Amino acid sequence: MEKEIRTQAIPATDSNTVEGYALNWNEYDMGAFVERIEPGALGDLRSYDVHALYNHNYDQVLARSKYGEGTLALEQDDNGLKFRFDLPETTTGNEVRTLVARGDVDQASWAFTVKKERWENVRSEKPVRIIEAIGEMYDISLTPRGANPTTSVALRSLEEALKAEQPEQLTQNPEPVENHEQEAEVRANAFVDASAVQGKLSKSEERNLAKFNLIKAINEARAGKLTGVEAEVNQEGMNEKRKLGVDVRDMHAVNLPEMFTKRTQTVTGGTNGNLGGDLVFTDPARYIDFLYPNTPLLQQVSVAENLVGNVSFPRQTASYSLNWKTETGADTAQDITFDNVVMSPKRAVITASMSNQLLRQEYSRGIEQRIINQLNLSFNKGMEDVILKGTGTNNQPTGIYTALDAQKLTIGAIDYADLIAFESALANADALAGNLAYVTHPAVLAKLKQTKLDAGSGRFLVEGTLNPVMTANGYNILSTTLSPKYTTPDPDEYGMVFGNWSDVQVGFWGGATLMVDPYTNMKSSIVEIYLERFMDVAVLRDASFALAKDITI
């Protein structure tokens, strides 16, 4: 049972008392279907613990009915579920009192789960969903703009009802597939259109995404019950993972949908990407961020999102030949050959520790932002490291240095001719195209910036000192301390890669999942956070890259 939200209008009032109907028994149009709640669906109102909130925010409580007792009065009558409460003398209460009196806040939403339902006229233009029993009632919220969104959980229910009405032969006697290898290949190449698993939030819920609070989500996951916007985000993440065939964590977990992961990237600023990381917080006044390495490759590689199952990328290994014949000479049919690059979901995990003192800073956006930044930077560091140096063992993807080890160049003390050698390796393989760039260690970059191109031109091997994008041999050159440095033998040796970085594919199977373990280190007042995401990295074409591992400076 997953939480849904419905909205009704309420009248403006000048008094301290707010009252209205959270729901009625009439049919109402939900867009893709019509919905009606049966009068007996709520059962005994004394069986629920219901809060009156402002905008579904449990930080802004207005009243409460705890199993029939409290400051929130709930009553069922011939029209629907009626509520009534007096606004409290609090900052939130005074604010809401003014907004309701002016008519700025004129809607009431209620949040619930469905225990029993049925569908009528499922094949008509407007199927009818009849809710016969609810499972849980969470809150009644005053809100400035309500909506009756077509929820994804209801649409899945409609889909099941449609399947149930399919002709029997379609469900029990599917058309035989003669070529099972072809069938498997089709499954292996399955992608899910992002629109099929994203964008299910209503407009009001999308606006509320900005109110998602990571610390609040962790605290509520620790207690085993998410509420408000955090619960809505988690529901969308669970829906998305089910659609993509990814394991869904439901106990002490926050499932983040792909669209939310992107929203978080924007919030953190800069060029850093997806959620991940570790952090133990000590003192907010004296906390100094760890110095994370630059991760320029995450902006260069290709990304595939919303993957399902194993994904096979057919790779052409030969080409057609152009033959020359006499006017009547016969040509011979040619077959071109393919192999496959297969990506499969690999579980990438970071286990972090957070103190209970940190998790009390729920109202500090600065502390929340610091946590998000730390998680992002740590995740990015791990991704960049595996793109370059992934071993291909112990469930780790295979990175550039491992994949290309057999074809590495011999360089030594690097000069302009060596930069040309990288370029020539790709040109000789007909691969000198695409998103081309050199990637090396900052120490090598510094050496190249000081090494003259020749004796008389006054130019250096790397130019563009005042430009964030520097160039070498006419191509961009990027640096990161994650690029390998080999301390044996002496002197130190460094790595460098030149290639088309679009031929490195990073794949994601849905968004990230945050799991909260409040028990393991509870004696130390520490909460463990497990952040996992299913992903993979693949080098699509080895010929698109040239590698050296022996550069001395």
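Modeller: Start with helix α8. Of its 17 residues, 15 are buried, so α8 is largely enclosed by the rest of the structure. Buried means under 20% relative accessible area, exposed over 50%, partly exposed in between (1.4 Å probe, protein chains only). This is a predicted model: local features need pLDDT of at least 70, side-chain atom pairs need 80 or more, and totals for chains, interfaces and linings use all residues. Numbering runs from 1 along each chain as its sequence is written, and side-chain values use heavy atoms, without hydrogens or water.

Helix α8 covers residues 228-244. From first C-alpha to last, the helix reaches 25 Å. That is close to the 24 Å expected at 1.5 Å a residue, a span taken as 1.5 Å times one less than the number of residues. What follows α8? Gly 245 comes just after the helix, with a positive phi of about 75 degrees.

Now step back to the whole protein. It has 13 helices and 26 strands; these are DSSP runs numbered from the N terminus, helices H or I of at least four residues, strands E of at least two. The accessible surface comes to about 27,000 Å² (Shrake-Rupley, 1.4 Å probe; for residues, only the protein chains shown count as cover). Carbon and sulfur atoms account for 48% of that surface. Take contacts between residues at least 6 apart in sequence: 74% of them join residues at least 24 apart. A contact is heavy atoms within 4.5 Å.

The whole structure holds seven aromatic pairs. Rings of Phe, Tyr and Trp (its six-membered ring) pair with centres within 6.5 Å; planes under 30 degrees apart are stacked, over 60 edge-to-face, the rest tilted. Phe 422 and Tyr 438 make an edge-to-face pair, 6.0 Å centre to centre, with 85 degrees between the planes. Phe 422 sits in helix α12 (residues 416-428) and Tyr 438 in strand β17 (residues 436-440), so their pair ties together parts 16 residues apart in sequence. Both Phe 422 and Tyr 438 are buried.

Tyr 475 belongs to strand β20 (residues 475-479), 37 residues from Tyr 438. How accessible is Tyr 438? Its relative accessibility is 0%. Tyr 475 has a relative accessible area of 17% and is buried. Phe 422, Tyr 438, Tyr 475 and Phe 498 together form one aromatic cluster.

Finally, look at an open sheet. Three strands line up as β2-β9-β8, with antiparallel pairing. Strands pair if DSSP finds at least two bridges between them. The edge strands are β2 (17-24) and β8 (73-76), and each pairs on one side only. From one strand to the next, the twist averages 20 degrees. (Axes are lines fitted to C-alpha atoms, for helices over the stretch in contact; angles run from 0 to 180 degrees between N-to-C directions.) β2 pairs with β9 (residues 80-86) over seven bridges. Glu 19 stands opposite Arg 84 in β9. β8 and β9 pair over four bridges. There, Leu 74 faces Phe 83 in β9. A hairpin of three residues joins β8 to β9.
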